[in-house]
Amino acid sequence: MAKSFLLAILKALMILIFAGWIALWLLKPTDLWTRKWKGAEESARTTVFGYYGLDFAVYTFPLIAVAIIGLVYLDLKGREPSSRNDRRAKISPGAFSNPLVVSSFIGVLSAVEILAVFLFIVFLAWTFYCHISNDFKKLMPIKALKLEIWQLKYFRVAVRFGLLSEACLALLLLPILRGLAVFRLFGIQFEASVRYHIWIGTAMLTFATLHGASTLFIWGVGHHIQDEIWKWQKTGRIYLAGEIGLVTGLVIWITTLPQIRRKYFEIFYYTHHLYVVFLLFYLFHAGDRHFYMVFPGIFLFGLDKILRLLQSKPETCILSARIFPSKAMELILPKDTSLKYNPTSVIFIKVPSISKLQWHSFSITSSSSVDDNTMSVMVKCDGSWTSSLYDLVQAELDSKADATKCIPLAIEGPYGPDSMNFLRYDSVVLVAGGIGITPFLSILQEIASAQSSSRYRFPTRMQLIFVIKKSRDIYLLNSISSLLQNQSTERWHLKVKVYVTQEVQDGLTLREVLADSSQVQTVHFSTKCSNYATYGLESSLCIAALAGFASIVFLVFLICFNLIFIPSQKKTSKPSKDNTPSWVADLLLISSFIMALICSAVVAIILRWRRLKSESPLVPPKQGKAMDIETSSALEEHEIHFGGRPDFQDLFAKFPNEMAGSEIGVMVCGPEAMKESVALICKQNSQGVQKKKPHFRFHSLNFAL
């Protein structure tokens, strides 16, 4: 009871702070706020905090506080026991994920996503209207440019486009946070929230381009472009910094286009690190006062990045690998027995012998409830990095040397859902396309291992629809072959339907395919290069404490630096007309941020060292023998179809007779076209008048490879 009350208090506090932060953005463009805020900043100048301390406390810290409280909330909620009969926990995920719009252009959108996009557009329109209406009322000629009235109005419009870009920048980095992820509070994981980052980034650069192009146009028609374009002003907006930032942002955006990102991933990956240049020159262009508005996401992202890099140390190694005929392989990695994760979790892997900078995400295919000392990931070798990794493993398999090689790697994560509420249906349908099977392998192993547990509510009937191009891809089911043989119990039933789209064969069964163990090769590696397992992230409470510590350190250094290098600010309540350039305050802000990150990193290193000192060393797994596939009625029950894609409309029409419960969870992982086809059926089901038939609750999963 006390814990539930505390959770309610924390939730209410988060909502209150977040609502206040939103209200701040709504009030900021109004003339009333401008007048009041100027007075508040002038009053703060005579205090030790200065205007910069006030800006940080009002504009930046609220969102950081939400992230800190959210981590505490998630930690306490994760310890709360769950009832198997809690139907609200079971139903809630579908209510937020059911598709409302299904389009090949924008993908699958839920009602909540559409509402959020609509409200954000309304906010942008409100911001633009308030600023433009006030600007036009107080329109004053610019002496240096000598513009006509229409040119002057359009110039003000161009300036306000920049503020819309600023509003987008404030949210840009929030969807890609991992350890400090605020989207986890809504049950949205990193892999799913990346598309919000893409949407916001596209909107930001659209407004920034309109801002920059319109400004250049006005300078051009006023015959001042040569005078203005190279200016690095001592005070106010630094035009050259804005131009550099815009060009950098456009270069980053161009490399994110699918045509470039898929074919030249390395270019996309390395170009994205130019975000440091973009943010730096944005600060010089907009000034520190505007920067505090967008600083929350940057602050959390910087701290999150540092903690992730430290968490990946020290390096571990590959224990063994299984190579499948479809040029895919399963890597077995060491983990500490204390590391637990939920199904559909992902990890990020770096192999220094391939690249010292590149990190790639992979879905975990194992269950921490089954494997105490190891975890596994599936790698589909399509790109240059994964092909290089495949070549390393294959070379060891082909080697005739007595001593095996050790392949060191760094692991970051795992990142996954904080609960398994998304599995609390009476029946679940899993639809996988190709390597999209990976998150479902962990789900099936978790459910199978928890049949004797009464803590969680799990489905009693499941169907796995696995769509592949070639029959050799069936071997991706190798890790759950024992489940496919012994899955029929009174409490749980699994049926698999495999569809091979580019082959035609008669009479081949799933048992016959899995029984050919010669197609799967296993290689074991030396562990001499590392004596460490994967220990995972620090606890949520620890990360929350580090975020609070970093905030305090930043504010202390910011105050000290300003008092030392800009002493004139503490002597008068009015801004002094000294010769200090405005970019000095920007540099002090950057320096304070860097010092906060350094101090937080030192504390994190100490905590990490103490944890590693107390944990057990790497324990290589016992070498097991190949799985024997027996002739059983369970395997004969599963279906395999050749020569075509599944008719989802027909399959879903049969589910009410084959599945149990009033709601059927539908989880899809694979190509976008497959997701859209299944989402459309779920949408039609939810709109139809079918009171006696079960409803399909759609969930889209994102596989990492």
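The bend at a residue is the angle between two fitted axes, one for the seven residues ending there and one for the seven starting there. With that in hand, look at helix α13, which spans residues 288-311: a kink of about 60 degrees lies at valine 294, shortly before proline 296. Keep in mind that this is a predicted model.

**The chain overall**
- The protein chain has 22 helices and 16 strands.
- Of its 705 residues, 52% are buried.
- If you take the contacts with a separation of 6 or more, 82% of them are between residues 24 or more positions apart.
- The accessible surface comes to about 32,600 Å², and carbon and sulfur atoms account for 62% of that.

- Of the 24 residues in α13, 19 are buried, so the helix is largely enclosed by the rest of the structure.
- Phenylalanine 295 belongs to this helix, and its relative accessibility of 1% counts as buried, since the cut-off is under 20%.

**Aromatic rings**
- The count of aromatic pairs comes to 37.
- Take phenylalanine 295 and phenylalanine 554 as one of them: the ring centres are 5.2 Å apart and the planes sit at 45 degrees, so this pair is tilted.
- Since phenylalanine 295 is in α13 and phenylalanine 554 is in α18 (residues 540-565), the pair ties together parts that are 259 residues apart in sequence.
- Phenylalanine 554 is buried too, with a relative accessible area of 0%.
- Both phenylalanines are also members of a cluster linked by ring pairs, made up of Phe56, Phe61, Tyr282, Phe291, Tyr292, Phe295, Phe299, Phe554 and Phe593.

**A nonpolar patch on the surface**
- Over on the surface, Phe18, Ile22, Leu26, Trp126 and Tyr129 make up a nonpolar patch, and together they have about 470 Å² of accessible area.
- Two helices, α1 (2-27) and α5 (111-137), each supply at least two of the patch residues.
- The most comes from α1, which gives 3 residues.
- Tryptophan 126 is the one to click on in α5; its relative accessibility is 35%, so it counts as partly exposed.

Methods: Residues numbered from 1 in each chain as written. Predicted model: local features only at pLDDT ≥ 70, side-chain atom pairs only at ≥ 80, totals over all residues. Heavy atoms only, no water. Helix = DSSP H or I, 4+ residues; strand = E, 2+ residues; numbered from the N terminus. Buried < 20%, exposed > 50% of the residue type's maximum accessible area, 1.4 Å probe, protein only. Contact = heavy atoms within 4.5 Å. Areas by Shrake-Rupley, 256 points an atom, 1.4 Å probe, with all protein chains shown as cover. Patch = residues over 30% accessible without salt bridge, like charges linked within 9 Å, V, L, I, M, F, W, Y side chains within 5 Å. Salt bridge = Lys/Arg side-chain N within 4 Å of Asp/Glu carboxyl O. Phe/Tyr/Trp six-rings, centres within 6.5 Å; stacked < 30°, edge-to-face > 60°.
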